Amino acid sequence: MIDCHNQDSALNKIVKVSLSVVSEPTLLEEIIQEIEDKSSGPICSMFKALFKKNILTEFGMLNDFLACFFATKRISEITIYDASNLGVKCFFMPKNTMFPLHDHPNKVICTGVLYGKLKYLSLNKEEGGWYEMGKKGMAKVSDVLFSTQEIRNIHSLLAIEDSIILDIFMPNYADDDDSNSFKIIKKRKRSFKLEKYTVPKHKAN
Ligand SMILES: [Fe+2]
């Protein structure tokens with residue numbers, strides 16, 4: 001029989017920790033400070049530790065169905081938690097699919113890799129409509145990427161292999177939130193000029 005009440009699962013703890021953070025303004029402010037200071041500090045460490053657990057095995061029988069998620073060559077998603085203060089979603093990204101450059105209205109976004117490998121690029125706001133390179137690299141299983149309104153808010157993800165990510169949105173998207181996507185129209189050294197186009201409903205990760 002499936003146990004629907006496993007309070008000790010890492011996924012459950014991720015939801016609980018996230019709820020504690022969004023429910024307490026000082027904690028939300030603290031994690032923002034931590035992220036803006038090299039993503040180091042006790043709250044970021046707690047998330048990093050939770051993503052070290054093999055969360056995917058907690059989905060149990062889902063393992064048998066993974067091939068289905070990757071068969072379509074399109075990104076699919078499962079909503080794990082959906083409330084006004086917190087959103088947790090799992091995205092299944094077949095190899096070579098991507099979330100192009102997009103931004104977030106959320107105060108904190110935390111992305112953990114559960115499976116596969118992804119190439120990421122994140123940008124920070126600069127003067128005069130330019131954006132500087134925030135961070136780029138490869139994210140593998142158990143890696144966690146943190147963003148705030150100020151740091152790495154605009155980012156892209158490309159699945160190098162069939163990949164699964166877990167996104168935590170603190171607070172969650174509001175019903176009328178749009179998502180902005182961006183195209184790079186100019187580049188100079190480590191800076192980029194972007195063209196923004198709005199996606200009517202949030203489709204990005
Ligand atoms: Fe994102």
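Trainee: What share of the 205 residues of the protein chain counts as buried?
Mentor: This is a predicted model. Burial is judged by C-beta neighbours, with 20 or more within 10 Å as the cut-off. Of the 205 residues, the share that counts as buried is 35%.

Trainee: What radius of gyration does the protein chain have, against that of a compact globule?
Mentor: A compact globule with 205 residues would come near 17 Å. The protein chain agrees with that value. Its radius of gyration is 17 Å.

Trainee: How many helices and strands does the protein chain have?
Mentor: The C-alpha atoms fill a box of roughly 60 × 45 × 30 Å along the principal axes. The secondary structure within the chain comes to 5 helices and 11 strands.

Trainee: Is F51 buried or exposed?
Mentor: F51 lies in helix α3, residues 42-52. Leaving out residues up to four places away in sequence, F51 touches G112, S142 and V144. F51 has 21 C-beta neighbours inside 10 Å, and therefore counts as buried.

Trainee: How far apart in space are F51 and K140?
Mentor: In sequence, F51 and K140 are 89 residues apart. In space, C-alpha to C-alpha, the distance is 11 Å.

Trainee: What is the phi of S39?
Mentor: Most residues other than glycine have a negative phi. S39 is in the loop between α2 and α3. S39 counts as buried because it has 22 C-beta neighbours inside 10 Å. Its phi is positive, near 50°.

Trainee: Where is R152 placed?
Mentor: R152 is not a glycine, yet its phi is positive, about 55°. With 22 C-beta neighbours inside 10 Å, R152 counts as buried. Its place is the loop between β7 and β8.

Trainee: What is omega for the peptide bond that joins M170 and P171?
Mentor: Most peptide bonds are trans. P171 is in the loop between β9 and β10. The bond that joins M170 and P171 is cis, with omega about -10°.

Conventions: Residues are numbered from 1 along each chain as its sequence is written. This is a predicted model: local features need pLDDT of at least 70, side-chain atom pairs count only at pLDDT 80 or more; totals for chains, interfaces and linings use all residues. Helices (H or I, at least four residues) and strands (E, at least two) are DSSP runs, numbered from the N terminus. The radius of gyration is taken over C-alpha atoms; the globule rule is 2.2 Å times the number of residues to the power 0.38. A residue is buried if 20 or more other C-beta atoms lie within 10 Å of its own, exposed if 12 or fewer, and partly exposed in between; C-beta atoms are placed from the backbone. Two residues are in contact if their C-beta atoms, placed from the backbone, lie within 7 Å.
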